[in-house]
Amino acid sequence: MLLPAVRFRKGLPFSMELGATFTAIKASEMYTLGVDIRFAPIEGYYAAPDLAIRAAGTRLIGSRDLDLTTVSLDVTLGKRFGVGGIVTLAPYAGYQILLIVASSKVIDPTPSDTTDTGNDFAFPFPGLAIGHRGFAGMRVNWRWLTFVAEAIIGTAEVQAYSFKLGFNL
C-alpha cells in the first residue's frame, strides 16, 4: 500500500527533537496526523551506539466509520558509519509499545459481496489494544537524499515492511 507522507522535524537543545507527520491514505479521503518528541541521551559518540527514546501519537481523520488513535513509546539503538566520505549508513533496531484506541460503526470487510453479512464487525466502544513490536532497519544518507528500509515484527504475527525515500532540507 502506498502511503505518501510529509514529515517535519525540528531539533532542539539537549538532544531533543519535535516532529509532525501528515500521511495521505491512497484512494480514500482519509489521512493521519501525527506528532512526536524524541530524546537522545547518547548520540554521536565514536565508541557508543546512539540511544533514543521517542513518544508519538497519531490520529486518523476523514473516516465516518472508524475512530482510531494510536500512542506509542519506543527505544532505539543505532550507529552511523561513513562510507567513502560520501554516504552514511545507519543500521538501527528497537522496541516499541503501542496503545491503540479504536471504535467504529459496523464495518464490512467484503463490501463487494452484499450477501456476506456474517463477517461484518464493529470495534467495541472504546476498543483498547496494547501491542509490542520490535523493529530493525537501515538508513542510507547521500547528500540531501535519504533511503530507509525497515522491518517491523509485532505480536499476533503482525509484520510490516517499509521502504521510504526522503529529502533532507
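Which residues make the nonpolar surface patch of about 900 Å²?

## Nonpolar patch

The patch is made by F39, I53, V71, L73, V75, Y95, I97, L99, V101, L128 and I130. The elements giving two or more residues to the patch are β5 (66-78), β7 (87-104) and β8 (127-142). β7 gives the most, with 4 residues. I130 is found in strand β8. I130 counts as exposed because its relative accessibility is 56%.

Patch residues have over 30% relative accessible area and no salt bridge; like charges are joined within 9 Å, nonpolar side chains (Val, Leu, Ile, Met, Phe, Trp, Tyr) within 5 Å. A salt bridge is a side-chain nitrogen of Lys or Arg within 4 Å of a carboxyl oxygen of Asp or Glu. Strands are DSSP runs (E, at least two), numbered from the N terminus.

## Basis of the model

This is a predicted model: local features need pLDDT of at least 70, side-chain atom pairs count only at pLDDT 80 or more, and totals for chains, interfaces and linings use all residues. Residues are numbered from 1 along each chain as its sequence is written, and side-chain values use heavy atoms, with hydrogens and water left out.

## Loop between β1 and β2

F14 lies in the loop between β1 and β2 (16-24). F14 is not a glycine, yet its phi is positive, about 65 degrees. At 74% relative accessibility, F14 is exposed (over 50%; 1.4 Å probe, protein chains only).

S15 is found in the loop between β1 and β2. Its phi is also positive, near 60 degrees, in a residue other than glycine. S15 is partly exposed, at 31% (between 20% and 50%).

L2 lies in the segment before β1 (5-12). L2 is exposed, with a relative accessible area of 55%. The C-alpha atoms of L2 and K26 are separated by 6.5 Å, at 24 residues apart along the chain.

How values were computed
Areas by Shrake-Rupley, 256 points an atom, 1.4 Å probe, with all protein chains shown as cover.
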